[in-house]
Amino acid sequence: MGKICRNRFGFFIEIALICLPMVVSMIFSELTFFRNECAYAANGSSYIVMRADTKVIFAESNKDLRLPMASTTKTMTALIAVENCSLDEIVVIPDEAVGVEGSSVYLKKGDRYTVGELLYGLMLRSGNDAAVALALHVAGSVENFAEMMNLRAESLGLENTRFVNPHGLHDKNHYTSAYDLAVIGCEAMENDLFRKIVSTKFITVGSGDDKIYWANKNKILSVYDGGNGIKTGYTTDSGRCLIASATRNGVTVVSVVLNRYDMFNDCCKLMDKAFETINKS
């Protein structure tokens with residue numbers, strides 16, 4: 001009898017050990033969900049998906065709410081650069097562009113890059129140093145470049161966007177809305193050079209001992225059918241942000257999420273909804 005009890009006890013212990021990781025995972029998942037929902041409520045969250053050519057909106061929530069945008073800022077930075085420069089222009093990296101806080105492509109003072117190479121570093125690797133280098137090259141100063149960004153936003157009729165820097169590091173006066181950012185994305189994807197850059201999954205820059213390999217951080221390019229852009233973003237103040245795009249049967253849609261933890265899946269679901277609606281029409 002004692003042997004039977006010991007066997008049963010051992011069996012229950014084995015079952016408990018098997019189930020324990022599942023229970024812990026479920027509890028952690030619920031706590032993460034609760035934490036995320038609290039963050040959305042406290043800081044605000046928004047999303048939108050629209051057709052690029054007509055700006056028809058298929059789904060949205062809080063589309064005009066002003067929120068931090070983190071590195072999705074670089075969508076406008078890249079657009080300004082491709083509209084005002086040739087990709088083969090040489091940029092000598094100044095001291096001001098070295099050691100910029102946050103994500104980096106590790107530029108060094110005196111290094112020589114083309115505008116095109118810096119744009120790939122900007123949009124694939126989210127280099128804040130590349131953003132500053134481009135801003136200085138185009139406008140002479142970060143402040144002048146930010147003014148160019150704001151004027152471009154005004155030309156698009158945007159009312160809830162303001163830029164103070166080219167990279168998206170947090171500043172209370174630097175913000176956008178899901179709607180405004182989607183419009184910027186739609187405009188940018190009309191530019192062939194911009195579109196080529198953001199749809200690139202990886203690229204090799206330089207040669208010999210100076211050769212650098214850059215892979216795109218944007219998973220949309222790999223996980224979504226027709227995915228071709230655009231830019232990820234994150235700071236502790238903004239939460240996870242993403243401006244995504246995809247083209248199917250010649251139709252491009254752009255989705256934006258601001259402060260959404262599951263940003264890739266959220267954008268995929270939004271674009272699914274858009275394409276389903278388009279296919280039914």
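Let's start inside: the largest nonpolar core has 59 residues, among which L118, L119, M123 and F194 touch the most other members. Such a core is a set of buried Ala, Val, Leu, Ile, Met, Phe, Trp, Tyr and Cys residues joined through side-chain atoms within 4.5 Å, where buried means under 20% relative accessible area (1.4 Å probe, protein chains only). A separate, second core of 20 residues includes F58, V253, V257 and A274.

This is a predicted model, in which local features need pLDDT of at least 70, side-chain atom pairs count only at pLDDT 80 or more, and totals for chains, interfaces and linings use all residues. Residues are numbered from 1 along each chain as its sequence is written, and side-chain values use heavy atoms, leaving out hydrogens and water.

Now to the open sheet: five strands run in the order 2-1-9-8-7 with antiparallel pairing. Strands here are DSSP runs of E, at least two residues long, numbered from the N terminus, and two of them pair if DSSP finds at least two bridges between them. At the edges, strand 2 (57-61) and strand 7 (227-235) each pair on one side only. Strand 7 and strand 8 (residues 239-248) are joined antiparallel over eight bridges, and G229 stands opposite S245 in strand 8.

N216 is buried, at 15% relative accessible area.

| Backbone atom | Distance to N216 side chain |
|---|---|
| V198 oxygen | 3.5 Å |
| N218 nitrogen | 2.9 Å |

Terms used: Buried < 20%, exposed > 50% of the residue type's maximum accessible area, 1.4 Å probe, protein only. Helix = DSSP H or I, 4+ residues; strand = E, 2+ residues; numbered from the N terminus. Polar contact = N/O pair within 3.5 Å; in protein donor to acceptor, adjacent residues only side chain to side chain.
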